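Here is a short briefing on a ligand and the residues around it. Look at the structure first, then read the points below.

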Amino acid sequence: MIRILTIIGARPQIIKAAAVSRAIRGRFSGSVEERILHTGQHYDANMSQVFFDELGIPHPDYNLNVGSGRHGEQTAKMVAGIEDVLLSEHFDGVILYGDTNSTLAGAVAAGKLHVPVYHIEAGLRSFNMSMPEEMNRIVCDRLSTILFAPTDTAVENLRREGFFDSRARFADGRTYSVVNLGDVMYDNSMYFAGIAEKKSDILQRHDLHPGKYVLVTIHRDNNTDNPERLTSIFRALVEVAREMPQYKLVLPLHPRTAKLLPLNLNPRVYEEFGSCRNIVCIPPASFFDIIVLEKNSAVVITDSGGVQKEAYFFEKPCVIMRPETEWVEIVRANAGVIADADTRKIVDATADLLSRKIDYPKVFGDAKAAEHILQYILS
Ligand code: UD1
């Protein structure tokens, strides 16, 4: 029996952890014991608790309740709290997900204490060093012993960074291992798609009809915190709403975006946005609700990495409101268009994707990534 500490903190990590946690409670119940630590980075009920409830994840054994704050301050509190837990109990390894400040803190705390780090979603790179997530990924990958890359591109990124011929040795004598066993998010989307359709009434609640609405999500700091970019994006949404009145636009608003809209959005665009009858703003969606929204949309417009992928899993085209993406497979398949925060590009890409037939080659594994990952850790 091995003992694993799973560290989560932000919304997407709770979702990713569900797949591995489910496999531990199922096929691996006799060989892996899991404890869950929640840093408290996300704390609103609709950013955290709702995912535990819907995805059936066990209640966290530890909650650090760090809350929001400056990145350094927030990360430092997490490092200290995680260190306390790792010193108080023995763990054979720590599982970390993605690229948030909670991931970074877990890697630093475990790395320093020589507890093996297993990084799920390793090797992703935007090559944009102004993103906090890019810094988090790079540091976490360097401190990890097993790097679970979700795509071949991620493996290739790590190869180019020298992970395959590194002479670095960890405390137990091991070197890096890098492996692509698929994407745990794909496991979840496939596992929960049918359940979500039965349980969610999000379409009825907002009078939405399959194929007749565009799903929009915006939360990245470089979009929400920059008045010019935010205004350019919302100008595009107003144009889409006006030029394509047959579609509704649905925006589940991340708390960061909701707080910053009145402060950073040009007042005229804010007013125009508010007066568009076919734009609907809703609170952050639960996992079942977002799955149903993605699955039945006509097109998705987003700056989220996870939503880009889920759109692809459900064979929906996607306009990417970032200057680049880590999920280059989606763009290569012509299922996603990088439009950044450019009003014209966002509107044109939306119209273009609505008019094209697209293929969605399977590039994210076999929807059993979590089981493969646990088997790999055990072996
Ligand atoms: C974090 C991740 C990002 C991920 C996103 C998913 C980092 C650096 N970024 O960004 O990679 O895509 O989570 O959502 O870790 N807030 C609330 N309630 C909450 C959580 C946040 O009101 O429960 C507000 C606070 O004003 C906070 C702001 O949102 O300051 C930003 O939250 P934070 O966790 O710092 O980063 P995210 O933007 O959510």
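Predicted model: local features only at pLDDT ≥ 70, side-chain atom pairs only at ≥ 80, totals over all residues.

Domain 1 (2-183 + 365-378) gives at least three residues to the shell around the ligand. Domain 2 (195-355) also gives at least three.

**The shell**
- The ligand is surrounded by 21 residues.
- Gln41, His42, Asp44, Glu133 and Arg256 are the closest of them.
- By type, the shell holds six nonpolar, eight polar and seven charged residues.

**Helices that contribute**
- At least two shell residues come from each of α1 (11-25), α5 (132-143) and α11 (255-264).
- Which element supplies the largest share of the shell? That element is α11, with three residues.

**Polar side chains and ligand oxygens**
- In Arg256, an N or O atom of the side chain is 2.9 Å from an oxygen atom of the ligand.
- Arg256 is also one of the closest residues to the ligand.
- His254 has a polar side-chain atom 3.0 Å from an oxygen atom of the ligand.
- For Ser68, the distance from a side-chain N or O atom to a ligand oxygen atom is 3.5 Å.

**Burial and pocket**
- How much of the ligand does the protein bury? On its own, the ligand exposes 740 Å², and the protein buries 90% of that.
- The ligand sits in the largest pocket.

Terms used: Residues numbered from 1 in each chain as written. Heavy atoms only, no water. Near = heavy atom within 4 Å. Polar contact = N/O pair within 3.5 Å; in protein donor to acceptor, adjacent residues only side chain to side chain. Areas by Shrake-Rupley, 256 points an atom, 1.4 Å probe, with all protein chains shown as cover. 1 Å grid on protein atoms, 1.4 Å probe; cavity = no way out; pocket = protein on both sides within 12 Å on 5 of 7 lines; lining within 4 Å. Sits in = over half its atoms within 2 Å of the grid points. Helix = DSSP H or I, 4+ residues; strand = E, 2+ residues; numbered from the N terminus. Nonpolar A, V, L, I, M, F, W, Y, C, P; charged D, E, K, R; others polar. Domains from an automatic or database assignment.
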